[in-house]
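Q: Hi! I have a new structure open and could use a hand reading it. Can we go through it together?
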Amino acid sequence: MRITTAAAAGLAGALALTACSGGGSDSSATPSGTSSAGATATGGSNGSTGSSDALQGSWITTSGGKIVALVVTGKEAGLFETGGAVCSGTAGEEAGMRMIHLSCTDGSKDRVTGMVDSVSKSGMKVTWSGKSGKETYTRAEGGKLPSGLPTAGLGQ
């Protein structure tokens, strides 16, 4: 199946924003340790601490027939779901864990608090406190969709 023009345009816009911020094409990102020495409190509204370099960039997954783009730049995070939620918040180290805290414009609670279970140069697993549960994201490089992204159910 193919992605609809509107969905592709929305995703391309989200990825373009990342390319402008410099967070989407850092191919040298490596997972950082969970040492508390590297985390410093920032006093953010959601309790997030210092940024986690391993989380930086654009991450893509599919859920319920929609593309979900998670963008992390510094300590800021944004999530865009085609035809759905637009969320913003923070991402970083918190009490020795990598956490993502989001607030969505449509009031959605599906992805409000996420704990990063694992992250590598090519993938990230997040467990969300909302109904989205566990999701596996693939890194998007250079504003392009990653290869092998499942598209079943998109564009119907």
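A: Happy to! One definition to begin: two strands pair if DSSP finds at least two bridges between them, and strands themselves are DSSP runs (E, at least two residues), numbered from the N terminus. This is a predicted model, where local features need pLDDT of at least 70, side-chain atom pairs count only at pLDDT 80 or more, and totals for chains, interfaces and linings use all residues. Residues are numbered from 1 along each chain as its sequence is written, and side-chain values use heavy atoms, with hydrogens and water left out.

Q: In what order do the eight strands close into a barrel?
A: The order is β1-β2-β3-β4-β5-β6-β7-β8, with antiparallel pairing.

Q: New topic: is Arg 139 buried or exposed?
A: Arg 139 counts as buried because its relative accessibility is 6% (buried means under 20% relative accessible area, exposed over 50%, partly exposed in between, with a 1.4 Å probe and protein chains only). You'll find Arg 139 in strand β8 (residues 134–140).

Q: What does the side chain of Arg 139 reach?
A: The side chain of Arg 139 reaches the backbone oxygen of Gln 56 at 2.7 Å. A polar atom of that Arg 139 side chain also lies 2.6 Å from the backbone oxygen of Lys 121.

Q: Where is Ala 95?
A: Ala 95 is in the loop between β4 (86–94) and β5 (97–104). Ala 95 has a positive phi of about 50°, though it is not a glycine. Most residues other than glycine have a negative phi.

Definitions and conventions
Helix = DSSP H or I, 4+ residues; strand = E, 2+ residues; numbered from the N terminus. Polar contact = N/O pair within 3.5 Å; in protein donor to acceptor, adjacent residues only side chain to side chain.
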